[in-house]
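Work through the exercises below with the structure beside you, and try each task before you read its solution.

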Amino acid sequence: MSQFTRRHLLGIRDLSADEITHLLDTAETFRDVSRREIKKVPALRGRTVINLFFEPSTRTRTSFEIAAKRLSADAVNISVSSSSVTKGETLLDTARNLEAMAPDCIVIRHSMAGAPQHLARMCNSPIVNAGDGSHEHPTQALLDALTIREYKGRISGLNVAIIGDILHSRVARSNVYLLTKLGANVRVAGPGTLAPAEFADLVEHGLRVESSVNAAVEGADVLMVLRLQRERQDAAFFPSMREYAVHYGLHADHLDRAARDAIVMHPGPMNRGIEISSEIADGGKSLILDQVTNGVAVRMAVLYLLAGGAHLPAEDELVPKGNGKQQRKGSS
Ligand code: CP
């Protein structure tokens with residue numbers, strides 16, 4: 001039986017295909033909890049999860065909080081504006097002070113690539129990377145994989161096109177690592193200046209760097225669109241937003257080139273009309289909100305494995321405390 005025995009989740013790059021599959025299998029066991037009337041199980045009762053967010057977030061932060069609460073853990077949210085970092089405290093001092101209150105897991109998002117690795121080296125608590133600069137966003141790649149598996153039944157052998165601002169995208173990095181490890185054929189396309197040099201190594205493992213969106217989407221089973229990260233553009237990588245939209249946005253004619261049953265994904269937040277048209281984002285092939293739904297199951301799995309146990313959850317950890325059965329209103 002596979003296991004996930006790591007102390008931290010810092011990125012996808014270092015994980016094996018077996019570890020990734022174990023995380024996805026565990027997430028699948030938790031997915032059902034969010035479909036119940038009473039969305040709570042006792043798996044992490046008495047544990048504490050701290051969400052330390054130094055960058056804005058809607059999906060990831062809320063998702064980690066909901067995941068912790070659905071596992072019966074206590075969730076504490078700290079954002080930079082309400083922390084003593086604004087008074088000059090270092091990230092490490094902040095983390096060590098939080099650690100002195102005995103949390104069972106610290107989830108961190110930071111604009112600096114490597115911030116979670118730094119805390120993992122210096123602190124005793126399990127650390128989860130919720131997105132570090134342009135480096136990695138492991139739980140996003142896991143929830144994307146869970147969504148692909150749900151709709152396609154597999155990942156191995158699928159043709160996946162990742163389109164857009166590859167250079168600045170931690171989502172692209174984590175997804176390229178994960179999808180290639182699980183045997184997908186991955187093609188990336190974005191402005192030539194926005195393809196990271198480190199992906200050259202992955203070409204040996206089947207990654208194709210395409211020069212146009214048309215080439216990347218040809219016959220693709222999965223179209224993964226990236227957000228144009230305006231906040232990380234410290235140089236003029238392309239002439240204007242309008243030109244980016246024309247050359248690197250996903251349009252209806254791209255869907256005609258893809259496989260007939262292709263699915264469309266986007267990690268959010270979306271720049272509608274720039275990297276994706278509203279017609280596609282809200283269309284029948286879009287799984288954008290399914291990705292968000294699966295994010296809770298993935299984060300439940302990650303928190304459970306790091307702050308709970310290394311095995312798949314036992315039957316009694318997946319039923320609400322009480323009579324051991326799911327109670328419906330009006331049932332006796
Ligand atoms: N996909 C993602 O990380 O979204 P948030 O920035 O809202 O967390």
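**Exercise 1.** In which hand, left-handed or right-handed, does H2 pass H11?

*Solution.* Before starting, note that this is a predicted model, in which local features need pLDDT of at least 70 and side-chain atom pairs count only at pLDDT 80 or more, while totals for chains, interfaces and linings use all residues. Residues are numbered from 1 along each chain as its sequence is written, and side-chain values use heavy atoms, with hydrogens and water left out.

Step 1: find the elements, where helices (H or I, at least four residues) and strands (E, at least two) are DSSP runs numbered from the N terminus. Helix H2 covers residues 59–70 and helix H11 covers residues 288–307.

Step 2: take the axes, which are lines fitted to C-alpha atoms, for helices over the stretch in contact, with angles from 0 to 180 degrees between N-to-C directions. The two axes come within 8 Å and cross at roughly 55°, which makes H2 oblique to H11. Angles under 35 degrees count as roughly parallel, over 145 as roughly antiparallel, 65 to 115 as roughly perpendicular and the rest as oblique.

Step 3: decide the hand, which is left-handed if the near helix is turned anticlockwise from the far one by less than a right angle, and right-handed if clockwise. H2 passes H11 in a right-handed crossing.

**Exercise 2.** Which residues of H2 and H11 meet?

*Solution.* Contact means heavy atoms within 4.5 Å. On the H2 side stand Arg59, Thr60, Ser63, Phe64, Ile66, Ala67, Ala68 and Arg70, and their partners in H11 are Val292, Gly295, Val296, Arg299, Met300 and Leu303. Sorted by class, the residues of this contact of H2 with H11 are eight nonpolar, three polar and three charged. Here Ala, Val, Leu, Ile, Met, Phe, Trp, Tyr, Cys and Pro count as nonpolar, Asp, Glu, Lys and Arg as charged, and the others, Gly among them, as polar.

**Exercise 3.** At what angle do H1 and H5 pack?

*Solution.* Helix H1 (residues 17–31) packs against H5 at an angle of about 70°, and their axes are 10 Å apart. H1 and H5 are therefore roughly perpendicular to each other. The contact of H1 with H5 has seven nonpolar, one polar and five charged residues.

**Exercise 4.** Where is Ser72 found, and where is Pro269 placed?

*Solution.* Ser72 is in the loop between H2 and strand S2 (74–79), and its phi is positive, about 70°, although Ser72 is not a glycine. Pro269 is in the loop between strand S9 (263–265) and helix H10 (278–281), and the peptide bond from Gly268 to Pro269 is cis, with omega near -5°.
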